[in-house]
Amino acid sequence: MVEADSFLHLARPLGPAAVGSQPTTAPLNVIIQPQAIFSILDHSLRRNTDQERVIGTLLGVRSEDGQEVEIRNCFAVGHTETQEQVEVDMEYQKQMLGLHLKANPKEVLVGWYATSAELNTFSALIQNFYGGQGDGTWPHPAVHLTISTDPGKEIEARTYISAPVGVTAERAADSAAFTPVPHEIKYGEAEKSGLELISGAKDNKDRTANVLTDIESLERAIEEVLAMLERVSKYVEAVIEEEAPPSSALGQFLLNALALAPKVDPEDIERDFNNHIQDVLVVSYLANTIRTQIDLSNRLATAALTMGAGDGLGGAQTNGTASEGNQRGQRGGRSQRGGGGRATES
């Protein structure tokens, strides 16, 4: 991770700007979300064998003053690169950018990425396209993120901004002065749990990891807390015995952390914990009872509807049979009366 105080930001010459406007050249602080890095790595794994690097568009949010950029999302952009020229599918990039902005209205275009730490003339050409007016990030500088994907090596991320340095407009289109800017990879507690689970698969031959249950996650968290307490205890003992140099900042931090712990007897904590477990069991029992009652009511209602439909169908069949009998009786009576008439005439 790059430190914030490891860069010297200098003023740079600016390219041609529109009348009455001024582009921003202030240093940036870039925050990278883990999902963006995973998307870039997935794009790199799926590249063609003859491609040395792949590129794509970065999306995110920018602070009101433009000093901070948060990279939240990205998508791949097809390109062909040789020693003499580079071709980028700009039409695809514009269409995908429009679709992403419709799906996430709060996000904006912030820059582009490449899976190579090398900066060359083609990088300057692509950088100027993403930082230009119209469909680019202008008046804010475009952020260029490089991710190293060399097998067997650590993943290294770097972020840059740039400004054109050409004397003429034609020369400035394919040249740029890249300046490193500080960045950090930020993630929440839920993302941290997912990353730890994924990192656990690197020690397995099949590169898979089983999802832990709630009890197993709680057990692992307790073991980690106990390990940290053990490490802190050893450090304190080493300082007391003058085996390790003391640190006022660390001592103040430990003092503040211990001050947050409630002053309660262990017996009271155990009693409260047991009472809480009993309350949880009662709530779980009531929830299961209500679920069973609802299921039973649904089954009884379904059975009643089924039996009612059967009775109605049986009654309709009985009435139909009786009607057919009456009709047959009436036809028989008319036949008999007809026969009697013919006998009288003979």
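This is a predicted model: local features need pLDDT of at least 70, side-chain atom pairs count only at pLDDT 80 or more; totals for chains, interfaces and linings use all residues.
Residues are numbered from 1 along each chain as its sequence is written, and side-chain values use heavy atoms, without hydrogens and water.

I traced the pairing of β2 (residues 55-62) with β3: 8 bridges join these antiparallel strands. Strands pair if DSSP finds at least two bridges between them; strands (E, at least two residues) and helices (H or I, at least four) are DSSP runs, numbered from the N terminus. β2 and β3 form a hairpin with 5 residues between them, and Gly 66 in the turn has a positive phi of about 75 degrees.

I then turned to β1 (residues 29-32), which runs parallel to β3 (residues 68-77) and is joined to it by 4 bridges. Ile 31 has Glu 70 as its bridge partner in β3.

Next I examined the largest pocket. What share of its lining comes from α1? I found that α1 supplies 6 residues, the largest share. A pocket here is an open set of points on a 1 Å grid over the protein atoms alone, where a 1.4 Å probe fits, with protein on both sides within 12 Å along at least five of seven lines; lining residues have an atom within 4 Å of a point. The lining has 28 residues, and Ile 37, Phe 38, Leu 41, Glu 154 and Ile 155 lie nearest the centre.
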